[in-house]
Amino acid sequence: MKNQNLIAAFGLAALLASSALSTGALAAQVPEGTTLAAEQVFKYRVLDNINALDPQIVEDVETSSVVRSLFEGLYNSGADGNPVPGVAESHTVNEDNTVYTFKIRDTAKWSNGDPVTAGDFVYAWQRAVDPATASNYAYFVGLVGVVNADDIVAGTKTPDQLGVKAIDDKTLEVTLSFSSPWFVRSLSHATLFPAPKAVVEQFGIEWTKPENIVGNGAYVLTENTPGERVVAKRNPNYWDNEHTVIEEVQWLTINDENQGLTRWRAGEVDQTDVPAGQYPALKAELPDNTYSVPQFCTYYFSVNMTDKQPNEGLKDVKVREALNLAIDRDVIVNGVLQGGQTPAFSFAHPLTAGYTMPEIPASTMTQADRDAKAVELMTEAGYGKDKPLTINYIYNTSEAHKKIATVVSQMWKEKLGVNMSLADMEFQTLLDTRHSKTYELARNAWCGDYNEASTFISLHDSKSEQNDQGYANADVDKWLAEAKLASDPNPLYAQVEQQVATDVAIMPIYFYAKVFMQSSNVKGWPFDDVEQNWYAKDMYKVAE
Amino acid sequence: MIAFILRRLAVAIPTLLVLIVISFILMKVAPGNPFAGEKSVPQAVLDNIFARYGLDKPAWQQLVEYVYNVVFRFDFGPSFQYRDRTVNDIIAQGFPVTFTYGAWAFLAASLIGIALGVVAAVKQNSWLDYLAVGFTIGAQVVPNFVMAPILVLVFTLWLGWLPGGGWNGGHWSNVVLPVIALATSYLANIARITRSSMLEVLNSNYIRTARAKGLPSHQVIIKHALRPALLPVISYLGPVFVGMVTGSVVIDLYFSTGGIGQAFVNSALNRDYSTILGITILLGALTITANLVVDILYAWIDPKIKL
């Protein structure tokens with residue numbers, strides 16, 4: 001099932017000028033004197049959702065991890081999430097950050113030995129926006145600002161009008177429709193990887209099969225069996241092959257988390273997620289193998305803010321504020337989830353590069369104060385235990401969502417006398433209901449697409465596709481437009497977050513954590529990258 | 001007999017067509033679409049995708065084109081979820097896997113189950129009977145979603161004898177645990193049905209006659225009692241066979257076999273229209289075939305039944 005991890009793998013870290021980029025390419029950094037393990041096979045557990053291994057089609061985080069091994073973009077994301085050169089050796093940019101020129105390294109080759117050229121990127125990017133390709137991520141090219149991308153997707157311009165051209169075989173020029181100092185950070189995203197034109201045209205949708213595929217990444221695909229495993233072996237034609245240590249990467253499908261843990265204990269996988277609720281016990285039992293790192297996502301309740309909101313109570317901002325205050329986030333993260341998640345009072349993830357999380361008033365109060373204020377507001381609004389408010393909450397079927405919903409309904413019942421009815425539904429049905437705005441209160445979650453706060457904050461725009469609340473505030477829209485052009489957008493982002501918190505269009509609950517087990521002989525995992533974009537070529541296994 | 005088979009096949013075709021139409025309608029009225037995710041995509045992008053897969057055409061036209069492609073070109077179309085695969089690919093990859101562990105499990109369950117049932121009936125109220133009944137009750141109350149993790153715990157984690165999942169091209173070590181997990185509860189059912197049916201037959205007048213004639217016990221059981229006793233077992237085995245070879249979600253889920261059961265459930269949850277239809281048709285065709293085989297076996301075993 002498509003899960004909430006639908007983050008596209010994306011370059012990230014501090015939103016600084018491109019001058020801060022490191023110039024040395026990253027590879028496995030094996031300290032001198034290390035004894036490497038004889039078998040260099042990295043086995044990574046995934047859910048049954050490895051889809052098309054086509055860079056311009058891929059849309060989910062796990063398939064992206066495979067695509068990142070088979071293909072390489074102009075820049076990769078480094079251990080701390082900062083861009084490091086990939087196919088591009090270097091780049092220059094004009095003064096207002098609208099024209100980027102990339103120098104492609106001479107040694108970059110496809111797995112069949114052909115050189116990687118600027119034309120391969122032009123072809124791939126045009127392919128991404130071409131309506132005939134029908135990519136879910138077609139909009140991404142426009143999102144990062146490439147000229148004409150949106151018009152091509154909409155069919156009003158042709159793919160050859162895209163703002164990307166090959167000056168010569170080794171020089172690529174990209175023109176953007178707005179000034180973007182963070183453009184280089186988007187280049188480690190699969191949509192902007194190159195594609196081998198001859199192979200795509202020869203085999204059609206079957207070009208990514210192991211017997212047909214040609215890639216330019218550190219690994220080549222040798223097996224792809226959906227529901228079982230994907231296997232890739234070291235690519236001898238990769239330009240930095242001499243620094244690759246891991247010989248083979250396996251993505252093993254294990255849908256059940258407990259089964260994943262058992263197989264991890266049996267040594268069949270090197271990394272697996274910790275089943276919900278088991279983090280404290282595992283951390284105590286295996287402290288060196290159990291990890292909890294921040295994940296680039298926010299869990300929240302969406303309030304239907306449109307006129308279609310069937311619940312009169314929820315139309316009253318005092319009621320929404322009271323409900324929001326009465327949610328004890330500490331109980332949810334420490335009592336229910338127990339995996340290192342952190343309470344959220346605003347929307348954008350606090351570890352977003354260059355972003356300072358604003359201080360939302362509610363976040364500095366004690367829970368007792370919040371509860372007292374909540375009762376006060378609820379009474380002012382005319383509701384209470386003698387005149388209870390009834391709310392219908394919807395969520396997609398899952399034990400974790402159910403637990404949270406149950407706990408919150410208890411909090412609201414005890415503190416405010418609210419009767420909350422819970423309705424679980426299939427994920428697809430929830431998406432449909434949220435999108436058509438026929439709900440009262442709904443579970444929601446968002447994972448950042450790129451490491452800049454607009455990836456979260458722009459959801460508050462009344463025109464955003466992702467604005468499931470139907471929240472429309474003219475000031476917010478204006479501030480978001482200004483933020484795009486501002487040299488320091490932080491004050492504007494803070495204004496937006498404060499306004500959304502005042503209007504209570506959403507009730508943020510917590511910021512995600514990725515909780516996993518990793519074998520102790522695995523080295524080189526990017527713990528410091530909030531998006532956890534890992535590259536097997538940067539990893540190695542030590543002898544034990 | 002031939003006329004019977006032909007008649008049944010003639011009925012099978014409209015049955016399958018009705019199945020396709022009903023599945024198609026159910027799919028269309030279910031909320032959601034194959035391309036929706038946690039992230040909504042702009043309408044222009046969605047329009048392109050719908051056009052690419054012909055989903056922008058009227059529903060009746062989609063249905064007619066689909067049926068035409070299936071019937072005349074044996075083409076189930078592209079998968080919407082696995083964008084680099086066709087439904088034919090998915091079935092070609094998943095069905096052999098499922099068929100392999102399903103067929104082994106079926107063989108094991110029916111042979112051991114029948115043998116156990118017969119022994120328990122013949123030696124009624126002996127320790128053998130109690131053992132067999134005890135085993136079948138035990139096997140029946142442990143569902144396969146409990147059985148599978150227990151097997152993995154014992155054979156993978158504690159003993160380290162067998163891998164806890166994967167298929168590895170059908171290597172025997174990967175097949176053993178799925179077969180056991182799938183077979184046990186069916187085996188228990190088969191043993192139970194065989195035992196009670198056998199007991200009924202053994203108490204009938206003609207068996208008493210056979211014994212009175214002085215026929216040796218093994219001849220009475222194998223020649224006279226077993227065949228009629230198997231009738232209810234066979235009617236149970238038909239659907240069981242289909243159920244087993246078309247895959248078990250639980251087995252696919254726990255053992256990551258890459259079988260078709262998981263693909264079926266996933267495609268339904270993700271609204272992968274073409275894959276749901278493809279697998280539904282496969283399942284329908286197999287069910288119809290299995291029922292036909294059961295009827296033929298019936299006639300062969302019981303001459304009173306006229307085809």
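Because the model is predicted, local features need pLDDT of at least 70 and side-chain atom pairs count only at pLDDT 80 or more, while totals for chains, interfaces and linings use all residues. Residues are numbered from 1 along each chain as its sequence is written, with chains lettered from A and ligands numbered from 1 in the order in which they are written.

Colleague: Which classes make up the side of chain B that touches chain A, and with what counts?
Modeller: Contact here is C-beta atoms, placed from the backbone, lying within 7 Å, and on that basis 45 residues of chain B are in contact with 47 residues of chain A. Helices H2 (43-52), H4 (87-122), H6 (144-158), H10 (249-255) and H11 (260-269) of chain B each give two or more residues to that side; helices (H or I, at least four residues) and strands (E, at least two) are DSSP runs, numbered from the N terminus. Ala, Val, Leu, Ile, Met, Phe, Trp, Tyr, Cys and Pro count as nonpolar, Asp, Glu, Lys and Arg as charged, and the others, Gly among them, as polar. That gives 20 nonpolar, 18 polar and seven charged residues.

Colleague: How are H1(B) and H12(B) oriented to each other, roughly parallel or roughly antiparallel?
Modeller: H1 (2-29) and H12 (273-301) of chain B pack with axes 10 Å apart at about 155°, where axes are lines fitted to C-alpha atoms, for helices over the stretch in contact, and angles run from 0 to 180 degrees between N-to-C directions. Under 35 degrees counts as roughly parallel, over 145 as roughly antiparallel, 65 to 115 as roughly perpendicular and the rest as oblique. So H1(B) and H12(B) are roughly antiparallel.

Colleague: What does the contact of H1(B) with H12(B) have by class?
Modeller: From H1(B) you get residues including Leu16(B), Leu19(B) and Phe24(B), meeting a set in H12(B) that includes Ile281(B), Gly284(B) and Ile288(B). By class the contact has 14 nonpolar, four polar and one charged residues.

Colleague: And H8(B) against H9(B): which hand is the crossing?
Modeller: The axes of H8 (205-212) and H9 (217-245) of chain B come within 11 Å and cross at roughly 150°, so H8(B) and H9(B) are roughly antiparallel. A crossing is left-handed if the near helix is turned anticlockwise from the far one by less than a right angle, and right-handed if clockwise. For H8(B) passing H9(B), the crossing is right-handed.

Colleague: Over in chain A, how do H8(A) and H12(A) sit to each other?
Modeller: Ala322(A), Leu323(A) and Ala326(A) in H8(A) meet Met411(A), Trp412(A), Lys415(A) and Leu416(A) in H12(A). The axes of H8 (317-326) and H12 (399-416) of chain A come within 9 Å and cross at roughly 115°. H8(A) and H12(A) are therefore roughly perpendicular.

Colleague: Which are the edge strands of the four-stranded sheet in chain A?
Modeller: The sheet is open, with antiparallel pairing and the order E4-E5-E7-E6; strands pair if DSSP finds at least two bridges between them. Five bridges join E4(A) to E5(A) (99-104). The strands that pair on one side only are E4 (88-93) and E6 (164-168) of chain A.

Colleague: Which helix lies across E5, E6 and E7 of chain A?
Modeller: Look for residues 118-129 of chain A, running at about 165° to E6(A). That's helix H2 of chain A.

How values were computed: Contact = placed C-beta atoms within 7 Å.
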